[in-house]
Every structure is written in structure tokens, then in C-alpha cells.
Amino acid sequence: MAAKLTHLDSDGRARMVDVSGKESTAREAVASGRILMHPDTLARALSGQGKKGEVMAVAQIAGVMAAKRTSDLIPMCHPLAISSVKVQIDPSSDGSGLQATARVKTTGPTGVEMEALTAVSVALLTLYDMLKAADKGMTLSDVRLIEKSGGASGDFRRDI
């Protein structure tokens, strides 16, 4: 049996979920994604000598800012009081590019999965923007929720 979609009312119209009766609990979500690039572009990104400056540091800041603005971008997301956002940019283990990981925390009546996914997406887009002069063929991939905790739906951990 398919799960009921919470953002649709009984007539199938989009709606923001009413969380006013939900208990505030500690919530956390981790998301990740990759940007694949030419080895020379990766070397430039890792050196901090990109045409537009230290690309990895700027991407981390962009990811944090994006997590805080998620409800402005995703129509049915609630504005949240986020407790913590950490965005990490690292070389991919296979040397094909960079990996972004975001960990977002709050205490509230709804989760932070969308904030973590938005943080990763914008961090990757920022890397693309800052490196596109060197490599327009970069590819963003594998943006996904890795884990989440808290809330009525329970914990989730992706088998990687």
C-alpha cells in the first residue's frame, strides 16, 4: 500500500501540513551529493586558486545560507528555527570531483530533510558557478538524504 502524501488535501490540492499539534522534538538530517569534473578542474578547486577565489569555502557558506532560506524556495516547507547547519566539501573518494555533505539540526514539530537537501544542492550549484569558466561539462549527481532522526515517522538511514 502506498503512503498518503501529506502535502495534498482530500481533494488533491497542495497544502502546507498543519504541524500546530505536533510535539517539538530534536530533529536532524544529513544529505549529500557530488559534482563530477575534469581532473584539472578538481586540482584548481582543491588548490584554492579558482578564478573566483576559494571555491570550497564559498560553497560551504552558500549551503548554510540555503538551508536557512529553504522555506523561501520550496513552497510547502515551514520556516524553521534551525539550531545548526554544517556543510562539508571534500574530494570524492574515487577522485572524480567533489562531494558536499550537509548536517542540519533543529528542535521543533517538523523535520529538516529539505533543509539538508537544499544546502547540498546550492553548495553544488555554487561549485559549478565558480568553476564553470574552467569546465562547463561538470555534472551534479546523487543528491540524496543519507539519514534523518526524530519525529513521528521515526529514523531513517540509507544503506550505502
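**Strands**

I started with R27 and looked up its bridge partner in β3, which is T106. This is a predicted model, and I read everything below with that in mind.

For P91 I found L98 as the bridge partner in β3. I then looked at the turn of this hairpin: five residues lie between β2 and β3, and G95 there has a positive phi near 75°.

**Core**

Which residues have the most contacts inside the largest nonpolar core? I got I35, M37, V87, I89, L98 and L127, in a core of 28 residues. I went through the elements that give two or more residues to this core and listed β1, α1 (39–47), α2 (55–68), β2, β3 and α4 (113–131). The largest share is from α4, with nine residues.

Leaving out neighbours within four places in sequence, I find I35 in contact with S96, G97 and L98, with L124, L127 and Y128, and with M138, T139 and L140.

**Helix pair**

How do α2 and α4 pack? I have their axes at an angle of about 145° and 7 Å apart, and the crossing is right-handed. On the α2 side I noted V55, M56, V58, A59, A62, G63, A66 and A67 in the contact, and on the α4 side E115, T118, A119, V122, A123, T126, L127, M130 and L131. Sorting the residues of this contact by class, I get 13 nonpolar, three polar and one charged. L127 is a name I had already written down, as one of the contacts of I35.

**Whole chain**

I finished with the overall layout. I see four helices and five strands in the protein chain, and along the sequence they come in the pattern β-α-α-α-β-β-α-β-β. The C-alpha atoms fill a box of roughly 50 × 30 × 30 Å along the principal axes. What share of the 160 residues counts as buried? I have 36%. Last, I looked at contacts with a separation of 6 or more: 69% of them are between residues 24 or more positions apart.

Notes
Residues are numbered from 1 along each chain as its sequence is written. This is a predicted model: local features need pLDDT of at least 70, side-chain atom pairs count only at pLDDT 80 or more; totals for chains, interfaces and linings use all residues. Side-chain values use heavy atoms; hydrogens and water are left out. Two strands pair if DSSP finds at least two bridges between them. A nonpolar core is a set of buried Ala, Val, Leu, Ile, Met, Phe, Trp, Tyr and Cys residues joined through side-chain atoms within 4.5 Å. Buried means under 20% relative accessible area, exposed over 50%, partly exposed in between (1.4 Å probe, protein chains only). Contact means heavy atoms within 4.5 Å. Axes are lines fitted to C-alpha atoms, for helices over the stretch in contact, and angles run from 0 to 180 degrees between N-to-C directions. A crossing is left-handed if the near helix is turned anticlockwise from the far one by less than a right angle, and right-handed if clockwise. Ala, Val, Leu, Ile, Met, Phe, Trp, Tyr, Cys and Pro count as nonpolar, Asp, Glu, Lys and Arg as charged, and the others, Gly among them, as polar.
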